[in-house]
Amino acid sequence: MLDQELPKSIILTGVITSSLSLLGSVLVLTTFLVSRRARENIFFLWVFNLSITDCLLSIGSLFNWDKADEFECNLFSVATGCGLIGSFMFIVYIALFLYKSTQRDLAESFIETKKWQIIGSTYFLMVVLSIGPLFTKSYGKGAEFCWLKTDLSVSSLTWTIIEYYIPIIVSVPLISVLYYKTYRNAADERFQAKSIRIFLYIPLLYIFANLFAVTDRVLAYTDNSSDVGKILHIISPQLQGF
């Protein structure tokens, strides 16, 4: 069992937000699978894979955290790990694809010609990194839910840095630059610039979706996490599912 019972309000918040995020992701997956036009759209292919990772993240959070036994906690931790790692990577791929699509060079970019190799390699990396902590027994009570422990052990800290902090530090500035350049590339065409301006808000949403999670997890190491911080931690990452 986890070492601490969570308030029912936090558990309920987690169940509701995870369910809504899962619903949004499933709608995207269903659209891709039933629509031929969507399947033929390479941009939608990247969104489809991002939705798969969002599903994993939602499923990993969608259960009564304080009632999980060790096996259940490990199982949902792997799902959460796969979802987090994959979402970081596919968000970068989408930003890179949009940037390449607004360049004047008509030649296909590697993000198009090597798409299946990239997708396959990403899923392989997701699985390898998410099962790694099982061998060091680093999964358990991780802030508000089953994931990497916040016990300050070397193994838990190492896996957290590898699976969470490094991807955030790398992906946030990278997608910010890519979306800004995408907008600048499209600025010559008034209609395109207006329609693509919305993409500039994606990095802001991405930062917001991870800001409270990072803050609460850092505070959890010093036992200073508050109930409000926990709720924001639970809600904000699920925004990606929408």
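Which residues does serine 77 touch, not counting residues up to four places away in sequence? They are Tyr139, Cys146 and Trp147, where contact means heavy atoms within 4.5 Å.

## About the model

This is a predicted model, in which local features need pLDDT of at least 70 and side-chain atom pairs count only at pLDDT 80 or more, while totals for chains, interfaces and linings use all residues. Residues are numbered from 1 along each chain as its sequence is written, and side-chain values use heavy atoms, leaving out hydrogens and water.

## Serine 77

Let's stay with serine 77, which lies in helix H4 (residues 70-101); helices (H or I, at least four residues) and strands (E, at least two) are DSSP runs numbered from the N terminus. Its relative accessible area is 0%, so serine 77 is buried (buried is under 20%, exposed over 50%, partly exposed in between, with a 1.4 Å probe and protein chains only). The side chain of serine 77 also reaches the backbone nitrogen of tryptophan 147 at 3.3 Å.

## The nonpolar core

The largest nonpolar core holds 42 residues; such a core is a set of buried Ala, Val, Leu, Ile, Met, Phe, Trp, Tyr and Cys residues joined through side-chain atoms within 4.5 Å. Trp46, Phe90, Ile111, Tyr164 and Ile175 touch the most other members. H4 supplies the largest share of this core, 15 residues.

Tryptophan 46 has contacts beyond four places in sequence that include Phe90, Tyr93, Ile94 and Ile111.

## H4 against H7

H4 and H7 pack with their axes 8 Å apart, at an angle of about 20 degrees. Here axes are lines fitted to C-alpha atoms, for helices over the stretch in contact, and angles run from 0 to 180 degrees between N-to-C directions. The two helices, H4 and H7, are therefore roughly parallel to each other (angles under 35 degrees count as roughly parallel, over 145 as roughly antiparallel, 65 to 115 as roughly perpendicular and the rest as oblique). Among the residues making the contact are Gly81, Leu84 and Phe88 of H4 and Tyr164, Pro167 and Ile175 of H7.

Lysine 137 sits in the loop between H6 and strand S1 (139-142) and, at 66% relative accessibility, counts as exposed. Phi of lysine 137 is near 55 degrees, a positive value in a residue other than glycine.

Notes
Polar contact = N/O pair within 3.5 Å; in protein donor to acceptor, adjacent residues only side chain to side chain.
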